[in-house]
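Reader: Please take a close look at one chain of this complex and at how its partner meets it. Keep it brisk, and give the cut-offs.

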Amino acid sequence: MSSPLAAVSSAAEVSSPGPLWVQLVKAVVIFALVLQLAPTLVWLERRLLGRFQSRLGPNRVGPAGLLQPVADVIKLVSKESSTPTTAVPWMMAIAPVISIGTAVLTLAIIPFGAPGAYGGEFALAGIDVSIGILYFLAFGSLAFYGLLLGGWASGSKYSFLGSMRAAAQLVSYEVAIGLSLLGVAIAAGSLSLVDIVAAQDKVWFVVPQVVGFLIFLVAGFAEAARPPFDLPEADAELVAGYNTEFGGMRFGTFFLAEYLEIIVISAVAAAVFLGGWHGPGPEFLGPTWMFLKMAVLVLLFIWVRATVPRLRYDQLMSLGWKILLPLATLNVLVTATLVVLL
Amino acid sequence: MLRSYLPVLVFLVLGAGVGLVFTLINGWLGPRRPSRIKSEAYECGLPSEVTSSFRFGISFYLIAMLFILFDIEVVFLYPVAVQLEALGAFALIETIVFIALLLVAFVFVWRRGALEWR
């Protein structure tokens with residue numbers, strides 16, 4: 001295992017991380033910025049879902065209901081979070097922390113701007129690691145431990161079924177998401193997200209890798225456990241699935257983690273397929289383009305939720321194994337052949 | 001080399017910190033009025049007979065085994081993918097043979113009905 005990975009990390013060119021204080025400032029700024037985006041996204045989703053269903057959505061708290069998430073947080077914080085006697089309390093306590101921790105950790109590799117766009121040499125990303133894509137896959141899979149542990153440790157039927165579905169979902173899409181990014185890795189010749197975005201200065205990878213992009217989107221919806229793949233939660237069948245027994249801010253933390261996950265997946269898709277910071281105008285506009293592309297993908301998440309009904313989990317399995325996996329393998333083979341021959 | 005992973009720790013502290021702070025504030029501000037009914041697991045209808053260690057048949061067991069196999073395939077393909085242009089036709093043919101071998105296994109389990117829902 002170690003020797004091929006070592007070859008990768010020594011071969012890839014990684015931009016300098018900058019002095020220590022720059023790294024700290026970058027980490028705090030990115031974290032603070034995205035943590036503000038999550039409640040805004042909750043508000044946006046509720047408003048948009050309202051409009052999609054011919055109603056108004058929350059519009060009472062603050063201008064156009066913008067303060068609704070604040071009111072929600074105040075309510076959740078002042079609620080009791082009880083633990084059933086059948087539960088494993090310490091696991092229930094750490095499950096939401098795992099969920100939000102992995103979502104924030106994935107945030108670290110998202111490149112928001114070109115290296116040196118604001119002076120200096122360093123990339124506008126939390127870190128620029130040579131194993132970027134593998135890092136994303138690793139923490140994306142770890143996030144499911146939050147759902148699994150939370151559901152299993154609750155000691156409730158509905159939670160247990162929810163966590164089993166989370167496992168079924170993980171084994172269905174994880175291979176497809178890995179293979180869909182492989183085409184990009186071949187085309188860019190690197191796994192670092194900064195290098196991958198830099199490789200798209202002429203044409204975005206969504207054009208040559210359109211199959212990979214579509215597979216990544218479908219699998220990304222499953223990774224974020226969003227409708228039509230919100231099987232672990234499935235509020236119409238399993239009460240609230242894995243978080244049935246969670247109340248108060250523990251539930252709030254799961255909720256926040258889910259929205260952070262949406263932002264992270266949109267950001268990775270925007271960076272890997274939609275050209276990241278590339279766009280017309282001078283280089284310092286890079287983050288603006290990045291956030292615009294992320295916003296488009298986030299809107300797609302909400303639109304799909306309002307449009308597509310939930311799949312059964314055997315349907316998700318056959319989608320993952322019989323359609324996405326062969327298609328993604330074909331995409332990899334065609335990309336590899338074209339890259340070598342041309 | 002390892003120093004470039006230092007910001008990961010910052011992100012870890014921030015992320016887990018937010019989760020912990022939320023939970024702690026909740027425990028501090030929220031009421032605590034336990035009762036016998038409240039501390040039962042949620043159930044709709046008859047009282048629940050679920051204990052914390054009941055057994056459950058997992059019908060996707062075989063798929064989970066296949067998942068490990070194919071996930072390792074993906075991990076093996078990544079180093080080749082990054083260096084494919086440098087390694088050229090030799091690596092391409094090796095990759096095609098590697099994927100073809102796995103594809104044979106894939107077609108086999110598919111035809112044997114391992115991917116069907118039971």
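Author: Of the 118 residues of chain B, 21% count as buried. Buried means 20 or more other C-beta atoms within 10 Å of the residue's own; exposed means 12 or fewer, and partly exposed lies in between, with C-beta atoms placed from the backbone.

This is a predicted model: local features need pLDDT of at least 70, side-chain atom pairs count only at pLDDT 80 or more, and totals for chains, interfaces and linings use all residues. Residues are numbered from 1 along each chain as its sequence is written, while chains are lettered from A and ligands numbered from 1 in the order in which they are written.

Chain B has three helices and zero strands. Its pattern along the sequence is α-α-α. Helices (H or I, at least four residues) and strands (E, at least two) are DSSP runs, numbered from the N terminus.

Now confidence. The model scores ipTM 0.82 and pTM 0.86.

Next, the partner. 58 residues of chain B are in contact with 74 residues of chain A. Contact means C-beta atoms, placed from the backbone, within 7 Å. On the side of chain A that touches chain B, H6(A) gives the largest share, 13 residues. That side divides into 44 nonpolar, 21 polar and nine charged residues. Ala, Val, Leu, Ile, Met, Phe, Trp, Tyr, Cys and Pro count as nonpolar, Asp, Glu, Lys and Arg as charged, and the others, Gly among them, as polar.

How values were computed. Contact = placed C-beta atoms within 7 Å.
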